[in-house]
Amino acid sequence: MRAAPAENTQNPAPWPHTLLAYPFRPFFLLAGLYGALGMLGWLNWLFAEAPLLATASPLQWHAHEMLFGWVSAAIAGFLLTAICNWTGAPPLRGWRLGLLVSLWLAGRAAMWSPQWLPPIWMAAIDLAFLPVLAGYVARVLIRAGNRRNLPIVAVLGLLATANVITHLAFSGVTPGLAGVGEGMAVNLIIVLMVVIGGRIIPLFTANWLAHRGGPADRVRSRPMVDRLTLAATALMIPADWLTTTPWPGAILALIAAAANSWRLAGWRGWLGRSEPLLWVLHLGYLWIVAALWFKGLTPWLDGAGKALWLHAAGAGAMGTLILGVMSRVALGHTGRALRLPRGASAIYYGVTVAALLRIGAALGWGEYRALLTGSGVAWVVAMLLFVLYYWPILSRPRVDGRPG
């Protein structure tokens, strides 16, 4: 294994400038910080019943801020970095990146200030970020002639639509649709993770094995399975939206669960069990599989099915994959060796404990409030550990002296 490059200490740029040198830098740090802050807000209500959003329940506020606040920051950091690799375009940086970051921060401030902002202003501020992000990504892809990745723009547009539906419910226009917007957002994020995971996980696994003289040819991606997987996963969205019964979505979820299980098995994740930056990605995708099985079995799981599906997808799949991808991207794009800092695997253990405890709460495996609290604390610890370990990496120049 090659040694990590030495830190670049010659004329280092001031940290505010460095943070705005590449989109992953500010957005990954904000994702870590807000992942902790959003959960602390929820725990504050749980213990002290502090008000969060006057026009919605605390549970709805919590779901909104995790999906449209925390996840959207991670998506922005990843996509705005990835499109530079896909197209060769220069990264969004400097004051333009600062404006986009400010737009995301304004949305979060609005959602924390319901007592001082009319609902229409709160909605307008929060709703601005995703359409601007989608518009910028679309412009870069179209200019580069990269039509292969344009469906990702459509996913961002639909995610913005799900946010509109949620705010219409918050404002009282369509009060019964908050759950619809939330479910649509979870489905869309799962689709995005299935697409991105299918590109990077087998590639990273095969590359890691090849670098060590291992059996890289055992990592298999089957085009037919990939197409079936994506189609079944994506079709859950209109099935949930257009039908009044859970059966169509449940049947598609079972098909998607089986296809994703087959797909994941072909990637031979156990061969990379000694590398945390690798096994965490396989673990995150395994949580997608578990979430889809839970969703497919919802009609037979009494009242626990929805909670199991949503939290296996959220705390499990989103939490694990987002932390895993951010950890890897931050190292690779700052010129460092792809080696997790010593002790940083605690980040992954923390989010795993959070997900397991949340699933345990949904299944009634203990006192509900205690399990919920334990899950929230473990989540906060995982997010703060990410910030603690990665602040020096994300706020300093690349160690190889290159720009970015």
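**Cavities and pockets among the helices**

By class, four nonpolar, three polar and one charged residues make up the lining of the second largest cavity. The model is a predicted one. This cavity has a volume of about 50 Å³. Its lining consists of Gln60, Ala63, His64, Phe68, Thr166, Phe170, Ala178 and Glu182. Three helices, α3, α7 (150-170) and α8, each supply at least two of the lining residues. α3 gives the most, with four residues.

A search of the whole structure finds two cavities of 30 Å³ or more. The largest share, six residues, comes from α8.

Now look at how α3 and α12 meet. They pack at an angle of about 35°, and their axes are 11 Å apart. The crossing of α3 past α12 is left-handed. On the α3 side, the contact uses Leu67, Trp70, Val71, Ala74, Phe78 and Thr81. On the α12 side, it uses Met318, Gly319, Ile322, Val325, Met326 and Val329. This contact has ten nonpolar, two polar and no charged residues.

The largest pocket has about 620 Å³ of space. It is lined by 28 residues, and Leu59, His62, Ala63, His311 and Arg358 lie nearest its centre. Ala63 also lines the second largest cavity. Six helices each supply at least two residues to the lining of the largest pocket: α2 (24-48), α3, α8, α12, α13 (346-363) and α14 (368-394). By class, this lining has 18 nonpolar, seven polar and three charged residues.

The second largest pocket has a volume of about 500 Å³. Of its 22 lining residues, Gly183, Asp240, Lys295, Lys306 and Trp309 are the closest to its centre. α8, α9 (223-242), α10 (247-266) and α12 each supply at least two residues of the lining. α8 gives the most here, with six residues. By class, the lining of this pocket has ten nonpolar, eight polar and four charged residues.

How values were computed. Residues numbered from 1 in each chain as written. Predicted model: local features only at pLDDT ≥ 70, side-chain atom pairs only at ≥ 80, totals over all residues. Heavy atoms only, no water. 1 Å grid on protein atoms, 1.4 Å probe; cavity = no way out; pocket = protein on both sides within 12 Å on 5 of 7 lines; lining within 4 Å. Points joined across faces, edges and corners; volume = space filled by probe spheres on them. Nonpolar A, V, L, I, M, F, W, Y, C, P; charged D, E, K, R; others polar. Axes fitted to C-alpha atoms, helices over the stretch in contact; angles between N-to-C directions. Left-handed = near helix turned anticlockwise from the far one by under 90°. Contact = heavy atoms within 4.5 Å.
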